[in-house]
Amino acid sequence: MDSRTGDSNRSNRQLNRGLCYSNIERRQAASPSVIVIGGGFAGIAAARALHDASFEVILLESRDRIGGRVHTNCSFGFPVDLGASWLHGVCNENPLAPLIGRLGLPLYRTSGDNSVLYDHDLESYALFDMDGNQVPQELVSKVGEAFERILEEANQVRLEYREDMSVLRALSIVFKRRPDLRLEGISHKVLQWYLCRMEGWFAADADTISLKCWDQEKLLPGGHGLMVRGYLPVINTLAKGLDIRLSHRVTKVDRRHIGVKVTVENGTTFTADAAIVAVPLGVLKSNTIKFEPRLPEWKEAAIADLGVGIENKIVLHFKDVFWPNVEFVGVVAPTSYECSYFLNLHKATGHPVLVYMPAGQLARDTEKLSDEAAANFAFTQLKKILPNASSPIGYLVSRWGADVNSLGSYSYDTVGKPHDLYERLRIPVDNLFFAGEATSMDYPGSVHGAYSTGIMAAEGCRMRVLERYGELDIFQPVMGEDSPLVSAPLLISRM
């Protein structure tokens with residue numbers, strides 16, 4: 001069966017599943033056409049931009065929902081993000097700020113610009129050892145300062161060594177050079193907790209993170225803000241009116257001189273002038289999508305060499321709040337693997353919820369457990385520090401590494417590989433364009449990075465297709481002056 005984006009009697013599978021998107025208007029058959037593969041933030045942004053630029057657009061999504069690695073779950077009766085939940089860069093320079101501001105969505109700021117904990121400040125926290133003894137805040141701050149000095153020394157190692165190495169190896173060299181920076185006892189355990197938080201930022205273990213490239217991403221000003229109501233209103237707004245085909249898993253992309261043909265799992269084919277591939281890096285690595293002809297070697301190498309990390313969320317819903325009124329609760333331990341981190345959603349949203357967030361090897365290990373066993377594991381970690389904790393009344397468990405639609409959480413720089421792999425992954429191949437957080441050289445692993453690459457791919461695609469049509473001046477540019485995203489101030493709080 002063959003479908004074209006200009007078919008007048010196609011149906012919107014989104015509407016069949018009860019999502020409130022507006023009806024699709026019929027367009028002229030001569031309109032330039034694009035297929036977008038992947039309904040995460042990048043794909044939705046690209047489809048939105050091209051739709052608004054008068055293109056025929058079909059978006060093919062393998063899941064039965066949109067959003068990709070952005071997934072707001074409302075089964076508790078209130079929104080909880082199981083995937084991305086922060087806006088990194090709470091400022092007007094953030095490309096998502098106009099839409100978030102216009103929707104009036106509140107943000108809870110968890111850090112300023114320069115936090116040693118990346119997405120948190122040392123202002124509202126409680127750390128405990130495994131015996132349930134709270135670590136003095138003065139000691140936590142002191143170790144945080146020591147961690148910053150250790151990272152400065154690691155940077156010196158980076159400058160002196162020609163070859164790349166892991167962050168963990170660099171730290172071992174620092175301790176050999178500077179034994180005065182070694183920490184013992186409880187201070188060592190707190191240091192391991194800082195390393196645990198660093199690994200959480202990259203969703204990877206320190207022995208796999210590149211020393212040369214670990215800090216090459218750009219951070220927008222304004223710190224980090226938690227989306228109090230989740231990202232769902234944002235993705236739904238961007239998706240309104242788009243022709244989205246859910247449960248359409250793409251298996252083959254055939255690029256031709258005159259266009260592209262995309263085949264989905266049930267054998268249905270779609271043809272268009274060009275396509276935008278906005279699937280997660282983990283899916284590209286799995287080779288479940290066959291490209292004909294094969295992608296160039298440099299593109300395949302970029303896919304193979306970029307790292308994909310795993311960070312999951314085990315969400316524990318309680319009847320009442322029994323924990324300290326702080327933004328996060330942590331467990332310090334002799335190794336970063338044994339350390340724990342719980343985000344306190346009650347502080348930001350008012351709901352009695354703690355979110356356990358394992359990353360790297362710990363995330364892979366917990367994915368081997370059933371949902372119930374994973375929830376019990378997280379609760380056991382909590383009981384170590386709060387022995388009188390009441391049992392949860394509900395739980396949610398994410399599995400971004402095992403999920404065939406993602407096969408990982410987000411990208412990171414691996415040892416010995418250049419940072420420009422992100423750019424190589426972004427570069428188009430003929431009439432195939434690429435988008436997603438792993439194609440953002442400046443903002444990998446972020447929602448605004450994914451969104452920006454979607455807009456960029458849409459503009460490149462628009463230019464390419466209209467050049468072929470010889471009508472470059474006829475259609476409006478993507479996200480142009482008529483864009484509905486009127487700026488409005490961000491609603492920021494910190495209680």
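Predicted model: local features only at pLDDT ≥ 70, side-chain atom pairs only at ≥ 80, totals over all residues.
**Strands, cores and ring pairs**

Trainee: Is strand E2 largely enclosed by the rest of the structure or exposed, and how many of its five residues are buried?
Mentor: Buried means under 20% relative accessible area. Strand E2 covers residues 33-37, and it is largely enclosed by the rest of the structure because the buried residues number five of the five.

Trainee: Which residue in E3 stands opposite Ile-35?
Mentor: Strand E3 spans residues 56-60 and pairs with E2 in the parallel sense, over five bridges. Across the pairing, the E3 residue opposite Ile-35 is Ile-58.

Trainee: Which residue in E14 stands opposite Val-36?
Mentor: E2 also runs parallel to strand E14 (residues 274-277), and four bridges join them. In E14, the residue that faces Val-36 is Ile-276.

Trainee: Which element gives the most to the largest nonpolar core?
Mentor: In soluble globular proteins, nonpolar side chains tend to be buried together. The largest nonpolar core here has 55 residues, and those touching the most other members are Leu-127, Met-198, Phe-202, Trp-214, Val-315 and Leu-343. Elements giving two or more residues to this core include strand E8 (125-128), helix H4 (137-160) and helix H5 (167-177). With nine residues, the element that gives the most is H6.

Trainee: What covers the buried residues of H5?
Mentor: The buried residues of H5 are Val-167, Ala-170, Leu-171, Ile-173, Val-174 and Phe-175. An α-helix has 3.6 residues a turn, so residues three or four places apart point the same way. The elements covering the buried residues of H5 include H4 and H6.

Trainee: What separation do the C-alpha atoms of Gly-132 and Leu-386 have?
Mentor: Gly-132 is in the loop between E8 and H4, and it counts as partly exposed because its relative accessibility is 23%. Leaving aside neighbours within four places in sequence, Gly-132 is in contact with Lys-384 and Ile-385. Although Gly-132 and Leu-386 are 254 residues apart along the chain, their C-alpha atoms are separated by 6.4 Å.

Trainee: Are the rings of Phe-328 and Tyr-341 stacked, edge-to-face or tilted?
Mentor: The structure holds 14 aromatic pairs. For Phe-328 and Tyr-341, the ring centres are 6.0 Å apart and the planes meet at 40 degrees. Planes under 30 degrees apart count as stacked and those over 60 as edge-to-face, so this pair is tilted.

Trainee: Which residue lies over the face of Tyr-341?
Mentor: Tyr-341 and Phe-328 are both buried. At 3.7 Å from the ring centre of Tyr-341, the residue over its face is Arg-197.

Methods: Residues numbered from 1 in each chain as written. Heavy atoms only, no water. Core = buried A, V, L, I, M, F, W, Y, C linked by side-chain atoms within 4.5 Å. Buried < 20%, exposed > 50% of the residue type's maximum accessible area, 1.4 Å probe, protein only. Pairing = 2+ DSSP bridges. Contact = heavy atoms within 4.5 Å. Phe/Tyr/Trp six-rings, centres within 6.5 Å; stacked < 30°, edge-to-face > 60°. Lys NZ or Arg CZ within 6 Å of the ring centre and 35° of its normal.
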